[in-house]
Amino acid sequence: MNYETILYDTANNVATITLNRPESLNAFNDPMIAETIAAFKQARRDAGVRCIVLTGSGRAFSSGQDLKDVQRWEGDFSIGEHVRRGYNGLIMAIVTVEKPVIAAVNGVAAGAGCGVALAADLRIASHKASFIQAFSRVGLVPDSGSTWTLPRLIGYARAYEMAITAERVTAEKALEWGLVNEVVPDEQLTEVVAAWARSLAEGPTLAFGLTKRAMRRALDLSLAEALEYESYLQEIAGRSQDFQEGVRAFTEKRDPTFKGQ
Ligand code: T3D
């Protein structure tokens with residue numbers, strides 16, 4: 001597929017989606033929202049893709065909704081419908097793709113850009129990265145799933161503080177709060193993310209995907225329900241080629257070669 005606002009590359013079973021509007025710090029306009037959703041669907045369909053990396057070009061991850069576009073909205077434009085038809089679909093595309101998604105947070109992630117980063121399964125951040133729940137600066141409430149992900153990641157008090165102050169949370173603070181998995185020197189971000197992605201793309205993709213489904217669903221389940229759902233998914237994982245290979249490799253005292261099936 002040809003994209004105009006993002007870059008899409010695949011190599012070594014890893015798809016890399018790069019938000020590519022650096023002149024606006026990768027602000028989301030409507031084409032970029034639609035193309036990012038399409039790219040996640042493309043990566044979902046491609047059985048050769050076993051890990052997805054999402055990053056930004058230039059000095060930012062994303063500055064959120066393009067506020068210059070907002071100025072062009074006229075009359076009875078419905079922001080609620082805009083969010084429903086745009087960001088909601090994007091967040092669902094990220095959290096439902098049954099492959100690990102890494103956000104390589106190369107710079108500021110603000111507003112919806114922050115929400116999108118939080119929707120990924122793992123966040124590896126440059127020491128130059130920062131997170132801003134910028135919504136309240138323009139008189140909006142957090143969207144892009146931030147009201148759901150943020151309190152679950154860092155607790156209600158810190159999440160609410162981030163939302164109402166809209167202050168910048170540095171990469172260092174984000175690591176301390178558990179908002180990111182790792183912070184690395186900026187010049188090492190590409191290399192470190194590539195190593196994570198390569199390792200995940202060589203893993204048992206089916207099991208990784210089912211684990212994502214189970215953990216995300218368990219957030220809304222009782223323990224008894226989660227136990228039952230684990231049993232159901234274990235039945236599926238237990239019939240996979242990767243399970244057979246994993247057990248065989250263990251008994252043969254060698255590293256497994258997973259096919260993702
Ligand atoms: O309908 C709906 O869907 C509503 C949904 C809303 C979801 C949201 O995301 S609301 C929140 C929107 N985002 C923001 O409020 C953040 C706005 N940006 C900033 O506060 C700052 O730019 C940053 C803190 C992110 C970075 O600051 P700094 O000093 O490093 O950069 P800068 O100089 O402000 O920006 C550089 C350029 O990017 C500048 O363009 P110029 O003047 O050089 O031509 C700036 O205008 C542009 N830019 C930055 N953010 C946006 C943007 N252009 C359009 N939209 C932006 N969000």
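Analyst: Buried area is the accessible area (1.4 Å probe) that two parts lose on being put together, summed over both. The model here is predicted, so local features need pLDDT of at least 70 and side-chain atom pairs count only at pLDDT 80 or more, while totals for chains, interfaces and linings use all residues. Residues are numbered from 1 along each chain as its sequence is written, and side-chain values use heavy atoms, with hydrogens and water left out.

User: How much area do domain 1 and domain 2 bury between them?

Analyst: Domain bounds come from an automatic or database domain assignment; that assignment gives domain 1 (6-201) and domain 2 (205-251). The two bury about 990 Å² between them, 48% of it on carbon and sulfur atoms. Contact means heavy atoms within 4.5 Å, and here the contact takes 14 residues from domain 1 and 9 residues from domain 2.

User: Which residues touch the most other members of the largest nonpolar core?

Analyst: In soluble globular proteins, nonpolar side chains tend to be buried together. A nonpolar core is a set of buried Ala, Val, Leu, Ile, Met, Phe, Trp, Tyr and Cys residues joined through side-chain atoms within 4.5 Å. Buried means under 20% relative accessible area, exposed over 50%, and partly exposed in between (1.4 Å probe, protein chains only). The largest core has 49 residues, of which Phe-40, Val-105 and Phe-131 touch the most other members. Helix H1 (residues 30-45) gives the most to this core, with 7 residues.

User: How is strand E3 placed, and with which strands does E3 pair?

Analyst: Helices (H or I, at least four residues) and strands (E, at least two) are DSSP runs, numbered from the N terminus. Two strands pair if DSSP finds at least two bridges between them. In E3 (residues 51-56), 6 of 6 residues are buried. Strand E2 (residues 14-19) pairs with E3 in the parallel sense over 6 bridges, with Cys-51 as the bridge partner of Val-14. E3 also runs parallel to strand E5 (residues 101-105), joined by 4 bridges; there Thr-55 stands opposite Ala-104.
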